[in-house]
Amino acid sequence: MRTSEYILATLKETPSDAEIISHQLMLRAGMIRKLASGLYTWLPNGLKVLRKVESIVREEMNKAGAIEMLMPIIQPADLWQESGRWEQFGPELLRINDRHNRPFALGPTHEEVITEFVRKEINSYKQLPLNLYQIQTKVRDEVRPRFGVMRAREFTMKDAYSFHLSEECLDNTYKKMHQAYCNVFERLGLDYRPVIADTGSIGGSVSHEFHVLAESGEDAIAFSSGSDYAANIEKAEAVAPSIERPAPSKELNTFDTPDAKTIDDLKTKHGVKAHRSVKTLIAYGAPDENEKRGLVALIVRGDHELNELKAEKLDLLDSPLEFASEDDIVKAIGAKPGSLGPVGLDIPVIVDHSASVMADFVAGANKDGVHYSGINFGRDVTEFTTADIRNVVEGDPSPCGNGTLSIKRGIEVGHIFQLGTKYSEAMNAGVLAETGKNQIMTMGCYGIGVSRIVAAAIEQNHDKFGIKWPTALAPFELAIVPMNMHKSHRIPEIAERIYSELQAAGIDVLFDDRKERPGVMFNDMELVGIPHTLVIGERNLDNNQVEYKNRITGDKELIDLDEVVALLKQKVK
RNA sequence: CGGCGAUUAGCGCAGCUUGGUAGCGCACUUGGUUUGGGUCCAAGGGGUCGCAGGUUCAAAUCCUGCAUCGCCGACCA
């Protein structure tokens, strides 16, 4: 490709609405342009990279025994009603009506459509197991699109669905797909980790996420120092302390705290250490038979954070978790948030394991502007249950039993689930088993965020000049940069010759034939992130040489003209 | 969904306080100059100042509403 016939579309300045580095560089390197919030046009530079990710994913899926197909983006609402997700999915499901006013959804994922297809098409256990996938545009009306294509409203996803007769068979395919995912991220040259994950709105039992490690990641992941254990923080178990609760040594006393509404206020204004106090959070309980919701108190140590996911899974609490309004709190307890505590509450109290072993601690007195000190469980608070309801923190013991946890940030680029029969049951997808009886199929599903990988790869591979593509992803393999070609006879001649020879050798070359100054060309090629560059200039041609530069290592070397093609074929490989 | 902020040329921004015929840099066009790391000079093209209403002799500027975009929060105890 010649730049004069291409649309390089590089920008000198960073558009002001781009926050993270990958978003900035994707705009500057001419990969994407924003159409509206969370909606992006892919320009040639971006699309070439996207296609490379796709083809690696496709190859590994095929190798793992999955079969490619393609399903519609527009899906009839009745399928979603059948699975129960028309209501459950919420406003993220973008809904439209057709001209006959019939309701449809724009597919955020395809469990319903694939299950509908398989239940009609597959009749016998002899046709199982089956693993089907597609690479396709997904639509999710995100609450808050951000970070460019990282969290977009329209994005490219590879989604696979497997169908089985037994759990063992599902587990077998699940393991194969787990390995295929590892292969994909290895080949992409990314620093990634598989982690234990929650199943979220997709449902199912066993689940792993694949995270690319990066500071800008939206998820926190807990790693064990003593084993392979890694889990999304929302799923990482906080191990209950093995120590006994110390006996009370202080009397229960009140003190005035009109100025203290937060744990931080208690610390700075009253000298109470965070880990010597508790937070009391009030949420709505599960609805009773009359659909009425009471309140439930959740107690965690002052320096800990509530894990909403763990909390909402408790039977006492409503799901999804919803914090009580200030009005409801005042009505039921008689004090405002900021002065709440576990003493004398007549609503159910759930205490986190770590908080439950505290003695002589501080909390609100359920009277505005007053706190208690010297609170002790058993003596001052008698009715309560304990549970794991907090986020793990750095240094907690690992649930695997070995080592301690450390916490890093990650970008979720893949997620695999053992769904079981959630969809096949709801949609009555069965086959005739060997027994001659109908049997509901067991399902797995497997997603990779193809467009998100592009951004995640940039987060991990850049410097102050621009993107440093791993060879597997670069939009071009090699750039030819001639110095002041228009001033010379032999430079265009040699550049053209090398260009066509490299193309004939199967190398994807960008030939910068613009009438630009050298600095402009160098900067553009580095910004776009082309891994190999050939600089052709009068200076070295006098010795029948051209200069080779490597974007990743920064190495430069002079190459004899008659060795150029052979040497570059080697380097690009 | 809540809070904050922004919206002026393709991009980055100034002008708004104190109302008076819209500017800078980059990019673009033309000519010249320069040429191994974003040359320099000159001339030019490009804007219903997000939209709607109001105040005023006069609105980018003041007021009201709306829209779009972004950030933060959704852990508040």
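Where is asparagine 428 found? Select it and you land in the loop between helix 11 (422-426) and strand 21 (430-432). Helices (H or I, at least four residues) and strands (E, at least two) are DSSP runs, numbered from the N terminus.

Before going on, some ground rules. This is a predicted model, where local features need pLDDT of at least 70, side-chain atom pairs count only at pLDDT 80 or more, and totals for chains, interfaces and linings use all residues. Residues are numbered from 1 along each chain as its sequence is written, chains are lettered from A and ligands numbered from 1 in the order in which they are written, and side-chain values use heavy atoms, with hydrogens and water left out.

**Stop 1**

With a relative accessible area of 52%, asparagine 428 is exposed; the cut-offs are under 20% for buried, over 50% for exposed and partly exposed in between (1.4 Å probe, protein chains only).

Now jump to alanine 9, in the segment before helix 1 (21-28). Here too phi is positive in a residue other than glycine, near 55 degrees. Alanine 9 counts as partly exposed because its relative accessibility is 22%.

Next, pick leucine 128 and proline 129: the peptide bond from one to the other is cis, with omega near -5 degrees. Proline 129 sits in the loop between helix 5 (111-121) and strand 7 (130-139).

**Stop 2: serine 83**

Select serine 83, in helix 3 (residues 77-83). At 14% relative accessibility, serine 83 is buried. Show polar contacts (pairs of N or O atoms within 3.5 Å; within protein, one must be able to donate a hydrogen and the other to accept it, and residues adjacent in sequence count only if both atoms are side-chain atoms). The side chains of serine 83 and glutamate 112 are joined by one of 2.5 Å, and the serine 83 side chain also reaches the backbone nitrogen of arginine 85 at 3.3 Å. Setting aside neighbours within four places in sequence, serine 83 is in contact (heavy atoms within 4.5 Å) with Glu112, Tyr423, Ala426 and Met427.

**Stop 3: arginine 390**

Head for the loop between strand 19 (385-387) and strand 20 (405-420), where you'll find arginine 390. Buried or exposed? Arginine 390 counts as buried, at 3% relative accessibility. Its side chain makes a polar contact with the side chain of aspartate 352 at 3.4 Å. Residues that arginine 390 touches, beyond four places away in sequence, include Ala238, His304, Glu305, Lys310 and Asp396.

**Stop 4: helix 2 against helix 6**

Colour helix 2 (residues 44-63) and helix 6 (residues 167-187): they pack at an angle of about 150 degrees, with their axes 9 Å apart. That makes the two roughly antiparallel. Ile56, Val57, Glu59, Glu60 and Met61 in helix 2 meet Met177, Ala180, Tyr181, Asn183, Val184 and Arg187 in helix 6.

**Last stop: isoleucine 196**

Finish in strand 9 (residues 192-196), with isoleucine 196. At 32% relative accessibility, this residue is partly exposed. Draw a C-alpha to C-alpha line from isoleucine 196 to threonine 115: 26 Å in space, 81 residues apart in sequence. Among the contacts of isoleucine 196, leaving aside neighbours within four places in sequence, are Ser207, His208, Tyr229 and Lys235.

Terms used: Axes fitted to C-alpha atoms, helices over the stretch in contact; angles between N-to-C directions. Parallel < 35°, antiparallel > 145°, perpendicular 65-115°, else oblique.
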